[in-house]
Amino acid sequence: MNPITISALNTHILALFERDDLLRDVWVIGEVSNWKRATSGHIYFTLKDDGANISTVMWKGNALAHTWLPREGDQVLAHGYVGVYPERGVYQLYANRLQPVGRGQLYAEFEALKARLAAAGLFDAARKRPLPVAPRFIGVITSPDGAALRDILRVLTLRWPLVEVIVFPTLVQGSEAPAQIANAIVAANQYAASGAALDTLILARGGGSIEDLWAFNDERVAYALIDSQIPVITGVGHETDFTIVDFVADLRAPTPSAAAAAAVPDRTDLLEQLASVQRQLSEQALTVVDLEARRLHELRLRLRRVDPKRQLDLRRQSLDDRERYLRSELRRRLERLRERNAAARLRLDALNPANVLRRGYSIVQAADGTIVTSPAMTAIDDELRVRGAGGEYRVKRIK
Amino acid sequence: MSKVKSKPADEIASELSYEAAFAQLEIILQTLEIGELPLEESLTLYEQGINLATYCTQKLDEAELRVSRWQPGHQTTPFVGWQEG
């Protein structure tokens, strides 16, 4: 016989349990009974089915991570490990995760809340407010340590770094989360009311299981959003996740990054727009200058037309023209005169008495020079002058 | 249309927000589009428009996201270190 201590025995059993793969990591299905939350925050209850039961404990940390916790009599799926509690010599289930069986109850709760809020008009399209196109201050309600915040800040940096971000830290999962989220929404509104500017709120959380997102299916959060004076964009979970806050928000974005993108314009677009504005301005300026240059050119032409110097030139030229005309006219007239002269000379020549004399005629003149054309003009013995072609001689009338 | 003196982009008061600058720019564009201004005035406006556009571009290019963290009592403290994550 080689007895060992109880402690050693229980420690041995504990070691056996710890070596067992199934006991280390197990899902069990059962009904919740004797649900008790200790002042320490740890939860003790019993899981049972028709023929058996097992003591179950869930530590405070795990309990806080659950937004949904079962009530007495609920069928649950519990995950954890089976260990030994040496002091009492009992084994029990150390649960770290509780889910309603088939999640049917969660969905039922979700649908019931959704229907209730819809009936209260909280989802009405008329409630949705327009979002500022280019907000200067954005409040982000999320976990300060989460990937969601990093995603949001990264997107804002890329798209619209002109904005100023104020983070309103809150838990985003666990039983405390709904109250904290609602408080953060109220705080953001009070902050804005105190004189600080907040143009848009983003309520966000990264992806997770339906239980992880459960805080966003809370009535308190829904009403805090409804009461918010600042328009809200939600970005909770993934594309396919819909939570109550998505229906209440002014805009639902599928993810935190998408919420950030929806909150601000894209500076790439704006930079392009600015470049085109600058081109437009340059073209306009060129057009204006062009137009003025053309007007100026026209004026210059008109000015030249009325230039006194040009007038003088014009007159001078017309004077020249006239002078030239006069000269040619004069020449023409002289020519004509000359021609008439020559003709006259020819006629004169024909009439020249000398030519008659040369044909044998003579001219008889009295002493006083009178041309004698009749005997009656002279008396006997009158001395007469006879002029012939060859010269002049004197004769006496004898009869 | 108020007559604003034309200033180079780097002399435009840095308090002028991007939005305010862009709004001024739009007014200038509209005024120039109507095209009833005397030459000198439209050239001044044009220059002013270009300066505002440059200013806006600078603002967009140089802006750095400012992040702070809300504290109870509506105090805010700079929120840093998120870039490393």
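Guide: Helices here are DSSP runs of at least four residues, numbered from the N terminus. In this predicted model, B:Tyr18 and B:Phe22 both belong to helix H1 of chain B, which spans residues 18–34, and they are four residues apart, about one turn of the helix. The centres of their rings are 5.9 Å apart and the planes meet at 20 degrees, so the pair counts as stacked, planes under 30 degrees apart being the criterion for that class. B:Tyr18 is buried, with a relative accessible area of 5%, and B:Phe22 is likewise counted as buried, at 12%.

Over all chains, the structure holds eleven aromatic pairs. One of them joins A:Trp35 and A:Phe45 in a tilted arrangement, with 4.9 Å from centre to centre and 35 degrees between the planes. This pair links distant parts of the chain, since A:Trp35 lies in strand E1 (residues 26–37) of chain A and A:Phe45 in strand E2 (residues 43–48) of chain A, ten residues apart. A:Trp35 is partly exposed, with a relative accessible area of 23%, whereas A:Phe45 is buried at 3%.

Elsewhere in chain A, ring pairs connect A:Trp59, A:Tyr81 and A:Tyr94 into a cluster. A:Trp59 is found in the loop between strand E3 (53–58) and helix H3 (60–64) of chain A, and it is partly exposed, at 38% relative accessible area. Together with A:Tyr44 and A:Tyr81, A:Trp59 also forms a nonpolar patch on the surface, whose accessible area is about 290 Å² in total. Finally, a ring may also face a charge: the charged end of A:Arg252 sits over the ring of A:Phe242, 3.8 Å from its centre.

Key:
Residues numbered from 1 in each chain as written. Chains lettered and ligands numbered in written order. Predicted model: local features only at pLDDT ≥ 70, side-chain atom pairs only at ≥ 80, totals over all residues. Heavy atoms only, no water. Patch = residues over 30% accessible without salt bridge, like charges linked within 9 Å, V, L, I, M, F, W, Y side chains within 5 Å. Areas by Shrake-Rupley, 256 points an atom, 1.4 Å probe, with all protein chains shown as cover. Salt bridge = Lys/Arg side-chain N within 4 Å of Asp/Glu carboxyl O. Helix = DSSP H or I, 4+ residues; strand = E, 2+ residues; numbered from the N terminus. Buried < 20%, exposed > 50% of the residue type's maximum accessible area, 1.4 Å probe, protein only. Phe/Tyr/Trp six-rings, centres within 6.5 Å; stacked < 30°, edge-to-face > 60°. Lys NZ or Arg CZ within 6 Å of the ring centre and 35° of its normal.
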